[in-house]
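Subject: Structure handover and findings

Hi,

Here is the structure I promised to pass on. My notes follow below it.

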Amino acid sequence: MGALLKWSVLGLALLALIVVPFLLLEPDVGRLVKDLFGSGGQPGLVLALAIVVLLAFDVVLPIPSSLVSVAAVVLFGWLGGVLIWLGMTVGCGLGYWL
């Protein structure tokens with residue numbers, strides 16, 4: 001039973017290391033993304049396509065997909081989730097093809 005407790009504590013600590021920074025920094029990251037990419041209007045088709053392409057080519061290029069994903073959700077809302085899914089699915093297909 002001691003081993004189960006050790007692995008549970010390790011798993012919870014790892015989960016906390018991943019989730020807590022997102023919870024603490026979410027407002028700042030959202031503001032930063034809007035300042036960098038938001039021009040006051042609605043994000044356009046070119047930006048949506050760029051998000052999909054960046055996530056797809058994350059297979060072969062060192063692209064920070066977590067930052068691209070956060071930017072997609074901040075800029076496009078729920079549609080950003082669709083763009084993330086599409087980009088990562090294309091990336092999986094590209095990786096399989098390669």
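Predicted model: local features only at pLDDT ≥ 70, side-chain atom pairs only at ≥ 80, totals over all residues.

Leaving aside neighbours within four places in sequence, which residues is Ala-48 in contact with? The partners are Phe-76 and Leu-83.

Overall layout

The protein has 4 helices and 0 strands. From the N terminus on, the order is α-α-α-α. Of the 98 residues in the protein, 19% are buried. Take the contacts between residues at least 6 apart in sequence: 64% of these join residues at least 24 apart.

The core

Ala-48 belongs to the largest nonpolar core. That core has 11 residues. Besides Ala-48, they are Ile-51, Val-52, Leu-55, Ile-63, Val-68, Ala-72, Leu-75, Phe-76, Leu-83 and Ile-84.

Helix packing

Two packed helices are described by the angle between their axes and the distance between the axes.

α2 with α3. Helix α2 covers residues 45–56 and helix α3 covers residues 65–76. Their axes come within 10 Å and cross at roughly 155°. The two helices are therefore roughly antiparallel to each other. Their crossing is left-handed. On the α2 side, the contact is made by Leu-47, Ala-48, Ile-51, Leu-54 and Leu-55. On the α3 side, Ser-65, Val-68, Ser-69, Ala-72, Leu-75 and Phe-76 take part. By class, the residues of this α2 and α3 contact are 9 nonpolar, 2 polar and no charged.

α2 with α4. Here the angle is about 35°, and the axes are 7 Å apart. The crossing of α2 and α4 is right-handed. From α2 come Ala-48, Ile-51, Val-52, Leu-55 and Ala-56. They meet Leu-83, Ile-84, Leu-86, Gly-87, Met-88, Val-90, Gly-91 and Leu-94 in α4. The α2 and α4 contact divides into 11 nonpolar, 2 polar and no charged residues.

α3 with α4. The axes of this pair come within 6 Å and cross at roughly 145°. The crossing of α3 and α4 is right-handed. Helix α3 brings Ser-65, Ser-69, Ala-72, Val-73 and Phe-76 to the contact. Helix α4 brings Trp-78, Leu-79, Gly-80, Gly-81, Leu-83, Ile-84 and Met-88. The count for the α3 and α4 contact is 8 nonpolar, 4 polar and no charged.

Two residues to look at

Ser-69. This serine lies in helix α3. Is Ser-69 buried or exposed? Ser-69 counts as buried, because its relative accessibility is 12% and the cut-off for buried is under 20%. Not counting residues up to four places away in sequence, Ser-69 touches Leu-55, Ile-84 and Met-88. Ser-69 is listed in the α2 and α3 contact, and again in the α3 and α4 contact.

Val-60. This valine lies in the loop between α2 and α3. Val-60 has 46% relative accessibility, so it counts as partly exposed. What separates the C-alpha atoms of Val-60 and Leu-94? The distance is 9.2 Å, with the two residues 34 apart along the chain. Leu-94 is also among the α4 residues that meet α2.

Best wishes

Notes:
Residues numbered from 1 in each chain as written. Heavy atoms only, no water. Axes fitted to C-alpha atoms, helices over the stretch in contact; angles between N-to-C directions. Parallel < 35°, antiparallel > 145°, perpendicular 65-115°, else oblique. Left-handed = near helix turned anticlockwise from the far one by under 90°. Contact = heavy atoms within 4.5 Å. Nonpolar A, V, L, I, M, F, W, Y, C, P; charged D, E, K, R; others polar. Core = buried A, V, L, I, M, F, W, Y, C linked by side-chain atoms within 4.5 Å. Buried < 20%, exposed > 50% of the residue type's maximum accessible area, 1.4 Å probe, protein only.
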